[in-house]
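The sequence and structure are shown first.

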Amino acid sequence: KKMRLDVKDKRILVIVAHQDDETIGCGGTLAKWSSEGANIKVCFMTDGATGFSSNSGLKAKIKEIRFDEANEACKVLGIKSVHSLGIPCQEVSNTTRNFHMVIKLIRDFRPEIVISHNKLCKHRDHKQTAEIVREACWKSEEDVLESLGEVHKVKMLLQCEILDPIISPDFIVDITDFYNDKENALEKYKSQEKIIPGINNYINGLSYVRGYSIGAGKRGEAFLISNDIPIVL
């Protein structure tokens, strides 16, 4: 069944754990939706401080380096707004403070669509981010916690795949014409080349697997729809 999201003039908020997750998980989709007129903001949960390889000499400045790389990658994808909540890398947890920061983020930006991780990811930061975002999306529309901003309803929460493929996706976005943007964005993350060796081969193959499910020769990115509140179509 075909379902095309009309994203023109829509606000889309991407909340992921680390700098490069947005590109690996949904970079082609973000490039496509940016070209269709979406207003996209990317927010990283962590400061990226542990993302360096031994003897690389990057430890002292890795947080600044990764955020600069993220800004450059997001420019390639057509995204102008990039933010970080600054939680220490490898230490994302569902505390009240972190939960409230995400609610405030949602209420301030007021997105129609939110994209985050899926809970299948083995990385603890990814799992915790998925759970915090899922809960924050429905809590944002409750008339509580007025200090965190005006109540806002998120119409759709999507979960993307990073290194652990979604078993049964709800839908695939055709990124055939935007795969080069995804590759070019990932190239901006020079500091991560030794952290995630072979990632280009992985996303290349996965894009064909996802594309095959919607038509031979195409590339795709997979998503789950994860809403605690039913979607009104």
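The largest cavity has a volume of about 80 Å³. A cavity is a set of points on a 1 Å grid over the protein atoms alone where a 1.4 Å probe fits but cannot get out, and lining residues have an atom within 4 Å of a point. Grid points are joined across faces, edges and corners, and a volume is the space filled by probe spheres set on the points. One cavity of 30 Å³ or more is found in a search of the whole structure.

The model is predicted: local features need pLDDT of at least 70, side-chain atom pairs count only at pLDDT 80 or more, and totals for chains, interfaces and linings use all residues. Residues are numbered from 1 along each chain as its sequence is written, and side-chain values use heavy atoms, with hydrogens and water left out.

The lining of the largest cavity includes Ile 24, Gly 25, Lys 182 and Arg 210. At least two lining residues come from each of helix H1 (21-35), helix H5 (179-186), helix H6 (199-212) and strand E7 (220-225); helices (H or I, at least four residues) and strands (E, at least two) are DSSP runs, numbered from the N terminus. H6 gives the largest share, four residues. By class, the lining has five nonpolar, three polar and four charged residues; Ala, Val, Leu, Ile, Met, Phe, Trp, Tyr, Cys and Pro count as nonpolar, Asp, Glu, Lys and Arg as charged, and the others, Gly among them, as polar.

Two helix pairs are compared below by axis angle (0 to 180 degrees between N-to-C directions) and axis distance, with axes fitted to C-alpha atoms over the stretch in contact.

| Helix pair | Angle | Axis distance |
|---|---|---|
| H1 and H5 | about 135 degrees | 8 Å |
| H3 (residues 96-109) and H4 (residues 124-139) | about 55 degrees | 9 Å |

The angle between H1 and H5 makes H1 oblique to H5; angles under 35 degrees count as roughly parallel, over 145 as roughly antiparallel, 65 to 115 as roughly perpendicular and the rest as oblique.

H3 meets H4 through residues among them Phe 99 and Val 102 in H3 and Ile 132 and Ala 136 in H4. The contact of H3 with H4 comprises eight nonpolar, one polar and three charged residues.

Notes
On a 1 Å grid over the protein atoms alone, a cavity is a set of points where a 1.4 Å probe fits but cannot get out, and a pocket is an open set with protein on both sides within 12 Å along at least five of seven lines; lining residues have an atom within 4 Å of a point. Contact means heavy atoms within 4.5 Å.
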